[in-house]
Each structure stands twice: as C-alpha cells, then as structure tokens.
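Subject: Structure handover, charged side chains

Hello,

Here is the structure you are taking over.

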Amino acid sequence: MNNSESVTTRGSTVEDWTRALAESTGSPGGGAGTGVMLAIAASLTSMVAGYTEGGHAELAGLHGRARAMRETALQLADEDAEASKAFGAAFRLSPGPEREDAIHRASVDAAKASAVLGQRAIEAIDDLGWLAAHGNPALIADVVVAFGALRAAIAGARTNVSFDLSSLTSAGADLEQVREKHPHLWETVERLSDALDRIDELTASVDEKAAPTTA
C-alpha cells in the first residue's frame, strides 16, 4: 500500500499508516495523529479496566465507554485527514477571492474537526482519573502511559484548533474578529488548555507509584 490517499486508520496496518504519515502529503498529518493518540489512550483505559476487579458500579460503564472511544477516535482521525486534504488544497490555489474563500472554509472545517476530537479527549479524562485512583495498582504504569497519550491528543487538538483559527487572518480578518465570529471554537482552545493542566495534576498525583525509582 504505497498511496497515502488510500490509507486510513481503520483499514491499515500500523506499518502502512505510519509510512503514509511520514510522507510530505499532510494527509494523514498531525490532526490524524492526534486521533490515533486518543485511540491509544482509550485502548489502554479499556485494558486497565478489564484487569480491574471489584464491585464498582462505575467499572462496567467505564469499560464500555473506553471501547467505544477507541473506535470513535479512529473515525475522527480519518475525518481529520480528509479535512487536512481540503486545507492543503486551498492554500495551493492561485491568489485571489476564490483562494481566500477556500482557505476560510477549509480552516473552519479543520478547526471544527479538531475541536470535536479535543472534546472527546476531554471526556476521557474522568474515566482515566478514576482508574488512577481505583484501578488495578499493578497497571498504574499503563495508566500513566495512557495519560501521556491523552495529553498528546488534547495538546494536538488545542494547537490545531488555534492554528486553524489563526489561518482565517490570511483573508484580512484580525484575531479579535475571528474570536467574535467563532466564539465556540475560540472557547474550545481555552477548555483544552485547562484540560492539559488537569492531566498534568492527575499524572503528578500517581507519579510516585508509577515511577518509584525516581523519587
């Protein structure tokens, strides 16, 4: 499988997908990588939940949510890759009104795709935090790895939404005008920033248990 356009996260091997990611095509790119990081976090969450015993009412629901999140994350990664194609194509157009309109549409669509992915990543924090406190202690290192993957997903989504919004200034708007026209996307960047702080706090709270030799 040599054509990167035929590569999807749901239908390719890790080898094929990462080979396509390594090419200078932009699709898949960082946004799709963000989705894959969320899928990794969800997969590890599911694994730890499966190894956790006890009569916790929360556990069954958590396990199901993690499994569903893995599938959703891969779908969102592929949708982001499609948005990335349109984004790149818009910037390759000749200067003029058509190019400006295409950049505007592609930037907003790309920002929306990353925002959806970021919101789903935020929703995964509580379940992983629960496992950090109540999950099988033998798998605390896996929880920390999941936190790392989830942080990468949230950081990627935050950066992509912010960058895509800033791309709207290429058509003549300033950032304040962008903020007024797309308040929900602008607020998403702030929510994702807050989520990064929360993940850092949760990771720090279990670091002594996960990496005792560094204490």
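Predicted model: local features only at pLDDT ≥ 70, side-chain atom pairs only at ≥ 80, totals over all residues.

Salt bridges

The count is nine salt bridges. In one of them, D127 pairs with R65, with the closest N and O atoms 2.9 Å apart. D127 belongs to helix α5 (residues 125–134) and R65 to helix α3 (residues 57–91), so this pair ties together parts that are 62 residues apart in sequence. D127 is buried, at a relative accessible area of 10%, whereas R65 is partly exposed at 41%.

R151 and D200 form another salt bridge, with 2.7 Å between the closest N and O atoms. R151 sits in helix α6 (residues 140–167) and D200 in helix α8, so parts 49 residues apart in sequence are tied together here. R151 is partly exposed, with a relative accessible area of 32%, and D200 is partly exposed at 34%.

A further network joins E15, D16 and R19 through salt bridges that share partners.

Within helix α4 (residues 97–123), R120 and E123 are three residues apart, which means about one helical turn separates them. Their side chains meet in a salt bridge at 2.8 Å, N to O. R120 is partly exposed at 26% relative accessibility, as is E123 at 41%.

Charged patch

On the surface, E187, E190, D194, D197 and E201 gather in a patch of negative charge. Of these, E190 is located in helix α8 (residues 183–210) and counts as partly exposed, at 41% relative accessibility.

Regards

Technical notes:
Residues numbered from 1 in each chain as written. Heavy atoms only, no water. Patch = residues over 30% accessible without salt bridge, like charges linked within 9 Å, V, L, I, M, F, W, Y side chains within 5 Å. Areas by Shrake-Rupley, 256 points an atom, 1.4 Å probe, with all protein chains shown as cover. Salt bridge = Lys/Arg side-chain N within 4 Å of Asp/Glu carboxyl O. Lys, Arg positive; Asp, Glu negative; His and termini not counted. Charge placed at Lys NZ, Arg CZ, Asp CG, Glu CD. Helix = DSSP H or I, 4+ residues; strand = E, 2+ residues; numbered from the N terminus. Buried < 20%, exposed > 50% of the residue type's maximum accessible area, 1.4 Å probe, protein only.
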